[in-house]
Every structure is written in C-alpha cells, then in structure tokens.
Amino acid sequence: MRDLAKEILEVLEENARATPGEIATLVGLSAEEVGGEIKRLEDAGVIRKYMTMINWEKVDNGYVYAIVELKVSLHRDKGYDAIADRISRFSEVQSVRLISGDHDISFTVRGKSMKDVAFFVTEKIATLEGVESTCTHFVLKSYKEHGVILYDRAQPKRLVVTA
Amino acid sequence: MTHSDIGAGKRRLAMEKPALWRPDSHLSTTVRDMPPSGIRKFFDIVVGMEDVISLGVGEPDFPTPWHIREACIYSLEGGHTSYTSNKGLIELREILAESAREDLGLDYDPEEEVLITTGVSEAVDLAFRATLNPGDEVIVPQPCYVAYVPDVLLAGGVPRPVATRLSQEFKLRPEDFQDEIGDRTKALVLSYPNNPTGAVMTREDLEEIADLVVEKDLLVISDEVYDKLTYDGKHASFAQLEGMRERTVLLNGLSKSCAMTGWRVGYALGDPAIVGAMTKVHQYTMLCAPTMAQVAAIEALRRGEAEVMAMKREYDRRRRLFVSELERLGLPCFEPKGAFYAFPSIVGTGLSSEEFAEQLLKEQKVAAVPGNAFGESGEGFIRCSYATSREEILEAVDRIERFLADLAA
C-alpha cells in the first residue's frame with residue numbers, strides 16, 4: 001500500500017520549491033490531487049513552513065550559534081512545557097528540546113556575536129524561574145545540518161557507459 | 001675470437017629462433033570469434049569528452065550506504081582478511097535463506113542450497129558451466145543483459161536467442177520460444193525485472209510459460225538481480241511456481257538493490273545437485289567471494305532495508321519523471337515496471353540504434369546505449385538508465401530534445 005502523503009512530503013522535504021505539477025509527475029498523480037493533498041497537510045499542521053537551507057558560514061557577517069543545556073527544577077503546577085514555552089518565544093532561539101540525561105532542556109540560540117549570545121543566556125535564560133543551571137556550548141563549525149553535509153567532498157567517478 | 005666466430009654465433013641464434021611468434025594462433029577460437037561488447041565503441045568515443053551526461057550506466061548513482069562501508073572498514077581493522085568457506089560465510093548464507101523464506105516463501109538449506117559468488121556475473125557463468133555439455137542449447141530471451149550469450153559459448157553450449165516484443169511489453173511468451181526448443185535444448189534464461197527493457201513478469205506471466213518448461217524438461221536459470229526494484233506490485237520468481245523450485249537456479253546479488261556494484265557479491269539458490277556442481281567450479285576458479293564484501297553484505301541485509309527502500313522510492317520518482325519527459329518529446333516508450341532503465345523506440349527518427357546513440361553522444365554529449373547491444377531484437381531502441389540525478393535527467397532530456405529538433409530540421 002502506497003503512502004501518498006509520505007511520498008509527497010519526501011519530495012517537499014528535499015525541495016520546498018517543487019511545484020504541485022512537478023511533484024505530480026514524480027509520484028504519479030495529477031497536479032490537482034497533489035495540490036489538494038498539500039493543502040490538507042498544511043491545514044493539519046503537518047507542513048509547518050517552506051524554508052531555505054542557508055550555509056551562513058559562507059556569508060560575511062554570518063551568525064554565531066550556541067547549544068545551551070539547562071537543568072530545571074519543576075514546581076507543582078509548572079511542568080517542562082511551561083518553561084519550554086517561555087524559552088521558545090525568544091526570536092533568538094532556534095530550536096528547543098526536552099532531553100534525557102544530565103540536563104533537561106536543550107536549545108540552540110543564534111546571535112550576531114559571542115557576546116550577544118552570552119548576554120542573552122545570562123540575562124534572559126539563566127534568570128528564568130526554575131532554571132537551576134545553564135551550560136553554553138558555542139558552535140565552532142557545522143558539518144551537517146538538516147541531513148545536508150556542508151563541507152566539500154570529492155565525488156568518486158563512475159564509468160560513463162556500462163552494461 | 002675472430003670475426004668469423006662472431007658471424008657463426010649470429011647464425012646459430014637465428015636458427016634457434018622459432019618460427020614467427022603469432023599470439024593470435026594461440027587464442028581459443030571461441031574467444032577469438034566472440035564479438036566485443038556493443039558498448040566498447042562508446043567507451044572509445046567518450047574518452048576525453050567533457051561535460052557528458054550519462055544515461056549509459058548500468059549501476060546505481062548512489063554510493064554504498066555508509067553503515068555498510070563502515071561495517072567493512074571495521075572488519076578490515078579487525079583483520080578479517082582470510083578466505084571463507086568455498087560456499088561463503090555461513091552467516092550470510094543463513095540470512096539469504098531467511099530472506100528467501102520471507103520474500104518468496106521458499107525454503108533453501110544454507111548448507112547445501114546456497115552459494116555465495118563474486119557478483120551475479122560469476123553465478124551466471126557457473127550455472128552454465130555446471131550444467132551444459134558441449135552442444136547443449138540454451139534459450140536466451142532478448143533484449144537482455146550482454147553476458148548470457150558469451151557465457152553459454154564459453155561453457156561450450158549453443159545460445160538460442162529468441163526475441164521478446166514491445167507489443168507484449170517485452171515479456172516472454174510461450175509462442176516466442178516453443179519452436180526454438182530442440183532435442184539438445186537444456187535450459188532457459190529468465191532475467192526479470194529486465195535489463196535493458198525494464199519489463200517484469202508477474203506470477204501469471206510466469207505460469208503461462210511453465211507448462212512448456214516442464215513439457216520440454218528445461219532447467220530455468222533465473223537472474224533476479226533487479227528484484228527489489230519492482231515498482232508496481234511484488235516481484236515474482238519462477239521458483240515460486242508449484243513444482244518449479246527444483247527446476248530453477250535462482251541468481252541474485254546486492255549490486256543493484258544495495259548500490260554495491262563494485263563489491264561483487266552475488267549468490268545462487270537451488271537444488272543441491274546443481275548448486276553443488278556450481279560450487280565445484282567456483283572452488284577451482286574463484287575459491288570464495290571476497291571476504292570483506294561478504295561481511296559488508298551481511299550488514300547490508302541485516303540493516304539496509306530502510307536505505308534500500310529510500311533508493312527505490314527515488315528511482316521510482318525518476319522513472320515517472322523520465323517516462324513523462326520522453327512522452328513529451330514524442331519518443332514512444334513502454335512504461336518500465338522494474339530495474340532502472342527506459343527503453344524508448346527511436347525507429348521514427350529513421351536512424352539505427354547505433355547511429356542514434358553515436359550521433360547523440362557526438363552532437364549533444366548524452367551517452368545512451370544502442371538497443372542492439374542487448375541482442376538483435378533491441379534494434380530500433382536505445383537504453384537510457386535513470387540511475388542518475390533528476391537534474392541530470394532533465395538536462396539530458398533538453399539535449400535529446402535539441403538533438404531531435406536538429407534531426408527533423
């Protein structure tokens with residue numbers, strides 16, 4: 001049994017600019033059917049946003065990133081969701097996750113400079129009620145993001161004609 | 001020493017020199033008379049050409065999934081570099097027997113009925129050498145992979161090519177080969193999903209030829225290396241038909257499904273008498289398949305399923321894209337149901353397959369393989385592999401479009 005929604009999502013995940021007509025050819029449906037299914041997936045919140053993946057390291061005045069881990073103490077009527085929500089609302093914060101292990105919450109933050117990021121963490125995050133400690137790891141180099149390898153690699157050669 | 005002594009020495013040397021050495025006269029006549037592969041010529045033209053887009057390659061464009069390569073590297077670090085049993089690693093044979101049970105519902109004994117070979121190519125060669133006596137005939141439905149006919153010849157057999165037709169979606173029909181079967185006909189080759197046509201044979205299609213196979217007491221040598229790349233429905237093997245398991249040598253490998261062409265891992269499943277005979281030839285010629293490749297194959301079969309399916313889904317997308325583009329160009333093409341080839345007809349251009357492929361390569365730098373490389377019945381077609389990126393497929397289609405426009409002008 002084919003899962004058409006999944007097949008459409010696979011194409012879109014790889015290329016957000018694929019048009020319904022192009023996707024239709026690839027999965028063997030009509031453009032209308034694909035358009036309808038995409039609309040349904042958007043409405044259901046499965047598709048949240050169409051994005052461009054940018055390697056900011058290749059852009060002058062790019063960004064500084066840090067991964068920040070938090071230990072959190074919980075209060076009677078405030079769970080992890082509540083503190084995660086407070087962190088998520090900052091536009092500097094790119095992703096927020098509840099994690100297992102030594103820390104409770106991990107988030108990534110993006111700023112213009114290390115100072116920028118450091119002040120954000122100490123002023124906005126460390127001071128939040130329930131945050132017991134923070135541990136900030138600045139990203140020195142990014143090798144792979146969203147399934148895409150960012151560094152240049154030599155491609156092995158294939159023969160041009162084989163049986 | 002006098003001058004005359006030196007002269008005598010020279011004469012003596014000249015007399016000892018044997019009659020003119022002609023290496024040609026020491027060649028096997030079978031090999032000498034064997035035509036080179038029809039794709040050889042294209043290698044020569046392609047050398048030194050820049051910016052060629054290739055639709056000519058019979059292998060995946062994906063590298064072998066990293067976890068498989070990594071498992072092999074790890075085993076090399078551990079020093080697993082000695083021979084394996086002639087039959088191959090028992091662990092691998094057991095996994096293959098288990099897959100046959102799951103995928104085909106067939107039981108094979110890993111001890112007696114499974115042989116690991118150096119690619120399916122070796123398994124094909126072994127099957128012929130283990131079963132043919134000089135003069136025995138083999139029915140070879142064409143268009144097909146280029147090695148069957150030469151391998152039959154090398155085994156001392158006589159190939160009997162039979163044509164499959166576009167009108168029958170390149171499936172083998174009983175009427176295609178019943179008149180070709182004589183007293184010396186011993187075996188039938190099946191290769192579905194098919195290289196170069198992309199044809200598949202369903203269980204019903206296979207059932208239609210089974211009666212004739214039994215009536216004429218033929219052995220079936222079934223090359224199913226593209227089995228995982230079947231796009232509509234499930235792959236069917238001749239060995240699954242009632243009573244046909246013993247009559248079939250099932251050949252397969254990991255090259256296409258797991259993107260492992262260069263590793264050379266294939267296998268044969270079949271009756272102990274035939275697999276045993278193949279093992280005998282294998283033991284005296286190959287000894288065993290490469291150990292590191294067998295280790296990689298174990299990893300591929302144990303944990304490769306997700307990547308195999310992801311590659312298959314991508315081939316399926318490319319297949320739809322390419323066939324719809326060929327349709328747009330007006331090149332009639334049967335919709336391939338398996339493997340990763342399209343086989344459009346180029347009869348409408350007035351060119352032969354070779355002329356078309358050669359001019360296309362020289363003028364637009366697109367490499368495809370002329371259909372007649374896969375047998376006479378492939379004349380009028382070209383084989384285009386869509387195991388290349390969608391961007392390259394679209395660029396190739398643009399170039400073919402320009403080529404057709406120039407032809408028409």
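Two strands pair if DSSP finds at least two bridges between them. Keep that rule in mind. This is a predicted model, and we start with a pairing in chain B.

Strand β2 of chain B covers residues 114-117. Its partner is β8(B), and the two run antiparallel over four bridges. Here is one pair to find on screen. Ile116(B) has Tyr267(B) as its bridge partner in β8(B).

Now look at another neighbour of β8(B). Strand β7 of chain B, residues 248-253, also pairs with β8(B). The sense is antiparallel, and there are four bridges. Leu251(B) is bridged to Ala268(B) in β8(B).

What about the faces of β8(B), residues 266-269: covered or open? Both are covered. Gly266(B) and Ala268(B) are buried on one side. Tyr267(B) and Leu269(B) are buried on the other.

Hold on to Ala268(B). It takes us to the core.

The largest nonpolar core has 117 residues. Which of them touch the most other members? They are Ala127(B), Ala268(B) and Ala296(B). Where does this core lie? Domain 1 and domain 2 of chain B both give residues to it, so the core lies between them. Take Ala296(B) as an example. Leaving out residues up to four places away in sequence, Ala296(B) touches Ile68(B), Ala71(B), Cys72(B), Met260(B) and Trp263(B). In soluble globular proteins, nonpolar side chains tend to be buried together.

Next, the domains themselves. Domain 1 of chain B is made of two stretches, 40-63 and 306-404. Domain 2 of chain B is 66-303. Their C-alpha centres lie 26 Å apart. How many residues are in contact across the boundary? From domain 1 of chain B there are 29, and from domain 2 of chain B there are 29. On the domain 1 side, α12 (305-329) and β9 (341-342) of chain B each supply at least two residues. The largest share, six residues, comes from α12(B). By class, that side of domain 1 of chain B has 15 nonpolar, seven polar and seven charged residues.

Step back to chain B as a whole. Its secondary structure comes to 14 helices and twelve strands. The C-alpha trace spans about 90 × 65 × 55 Å along its principal axes. Now take the contacts in chain B with a separation of 6 or more. Residues 24 or more positions apart account for 75% of them.

On to chain A. Strand β1 of chain A, residues 64-72, has two partners to show you. One is β3 of chain A, residues 105-111, joined by seven bridges and running antiparallel. There, Val64(A) has Gly111(A) as its bridge partner. Another is β4 of chain A, residues 131-138, also antiparallel over seven bridges. In that pairing, Lys71(A) stands opposite Ser133(A) in β4(A).

How do the chains meet? The contact takes 13 residues from chain A and 22 residues from chain B. On the chain A side, α1 (4-14) and α2 (20-27) give two or more residues each. The most come from α2(A), with three. That side of chain A divides into seven nonpolar, three polar and three charged residues.

Last topic: the backbone. Most residues other than glycine have a negative phi, and most peptide bonds are trans. Here are some exceptions. A cis peptide bond joins Tyr192(B) and Pro193(B), with omega about -5°. Another cis bond joins Asn195(B) and Pro196(B), with omega about 20°. Find Pro193(B) in the loop between β5 (185-190) and α9 (203-215) of chain B. Pro196(B) is in the loop between β5 and α9 of chain B too.

Now for phi. His146(A) is not a glycine, yet its phi is positive, about 50°. It sits in the loop between β5 (144-145) and β6 (148-149) of chain A. Why does His146(A) count as exposed? Because it has 8 C-beta neighbours inside 10 Å, and a residue is exposed if that number is 12 or fewer. Asp217(B) also has a positive phi, about 55°, and is not a glycine. Look for Asp217(B) in the loop between α9 and β6 (219-223) of chain B. With 10 C-beta neighbours inside 10 Å, Asp217(B) counts as exposed.

Terms used
Residues are numbered from 1 along each chain as its sequence is written. Chains are lettered from A and ligands numbered from 1 in the order in which they are written. This is a predicted model: local features need pLDDT of at least 70, side-chain atom pairs count only at pLDDT 80 or more; totals for chains, interfaces and linings use all residues. Domain bounds come from an automatic or database domain assignment. Two residues are in contact if their C-beta atoms, placed from the backbone, lie within 7 Å. Ala, Val, Leu, Ile, Met, Phe, Trp, Tyr, Cys and Pro count as nonpolar, Asp, Glu, Lys and Arg as charged, and the others, Gly among them, as polar. A nonpolar core is a set of buried Ala, Val, Leu, Ile, Met, Phe, Trp, Tyr and Cys residues joined through C-beta atoms within 7 Å. A residue is buried if 20 or more other C-beta atoms lie within 10 Å of its own, exposed if 12 or fewer, and partly exposed in between; C-beta atoms are placed from the backbone.
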